[in-house]
Amino acid sequence: MRTKTKASAVVLGVVTAGAFALSTGGASGHGYTDLPISRQKLCQNGTVTGCGDIQWEPQSVEGPKGFPAAGPADGRLCNGGVSRFAQLSSPVTPSGAPWPTTRVTGGQSYTFRWQFTAMHATTDFEYYVTRQGWNQNHPLSRSDLDLTPFLTVPYNGRRPPATLSHSGTLPTGLSGHHVILAVWTIADTGNAFYACSDVTF
Ligand SMILES: [Cu+2]
């Protein structure tokens, strides 16, 4: 009996160590958008306060890839399904104020920018935007978004530079406050990185 307990403990220990390695693997590296500025970057640079852990690691909003068919659950898109970053999915900042927005113009070219702390092999970058009349009073969900990306930048498994910019045309027909959801899909893992940016058209 004593031996069996010991064996179980050893097995449990291995499983725990494995889970730990998974959850922390590459934790130092990833990326986020700063043009238009993302919620995680606003938390990191102190424009928005009280965000919790995300202020130390805006690059770590990492969740399952495959959006919109798979990926984070509705209401958890802006935090990549990571519970400790849940503030990012709130429709308002931790102080209850609206998220600061970047002014943009539909139909115009815009240069999107990512900052990377690790340059992972990349499938592509996709950008989604909310529909006109989306529900601004709940955490962002698929029903709020046009689920066809307005911009897709294929990357064919290459690794991006530390700072990557690419241009695309912003959709027309939108006015007022919207959210752009940027998705960086990693080629050689099951994950993607998510960043929500609030904009005013
Ligand atoms: Cu990484």
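Tutor: Rings of Phe, Tyr and Trp (its six-membered ring) are taken to pair if their centres lie within 6.5 Å; planes under 30 degrees apart count as stacked, over 60 as edge-to-face and the rest as tilted. Ring pairs of this kind link W114, F116, F125, Y155, W184 and F193 into a cluster. The model is predicted, so local features need pLDDT of at least 70 and side-chain atom pairs count only at pLDDT 80 or more, while totals for chains, interfaces and linings use all residues. Residues are numbered from 1 along each chain as its sequence is written, and side-chain values use heavy atoms, with hydrogens and water left out.

Strands here are DSSP runs of E with at least two residues, and helices are runs of H or I with at least four, numbered from the N terminus. F125 is buried, with a relative accessible area of 0%, and Y155 is buried at 9%; buried means under 20% relative accessible area, exposed over 50% and partly exposed in between (1.4 Å probe, protein chains only). R158 lies over the face of Y155, at 4.2 Å from the ring centre; a charge sits over a ring if NZ of Lys or CZ of Arg is within 6 Å of the ring centre and within 35 degrees of the ring normal.

The count by the ring rule comes to 13 aromatic pairs. One of them is F67 with Y128, edge-to-face at 4.9 Å centre to centre and 85° between the planes. Here F67 is in the loop between β2 (62-64) and β3 (102-103), whereas Y128 is in strand β5 (residues 122-129), 61 residues apart. Both F67 and Y128 are buried.

From Y128 the picture extends into β8, where L181 stands opposite Y128. β5 and β8 pair in the antiparallel sense over seven bridges; two strands pair if DSSP finds at least two bridges between them. β8 also runs antiparallel to β9, joined by nine bridges, and a hairpin of four residues connects β8 to β9. Across these two strands, V179 stands opposite D198 in β9. Nine of the 10 residues of β8 are buried.

In the largest core, of 23 residues, L88, L140 and L181 touch the most other members. To this core α2 (39-44), β8 (177-186) and β9 (191-200) each supply at least two residues. A second, separate core of 22 residues includes V104, F112, I186 and F201. Leaving out residues up to four places away in sequence, the contacts of L181 (heavy atoms within 4.5 Å) include F67, Y128, Y194 and A195.

A195 is also among the residues touched by T33, along with W114 of the ring cluster. T33 itself is in strand β1 (residues 31-35) and is buried, with a relative accessible area of 2%.

How values were computed: A nonpolar core is a set of buried Ala, Val, Leu, Ile, Met, Phe, Trp, Tyr and Cys residues joined through side-chain atoms within 4.5 Å.
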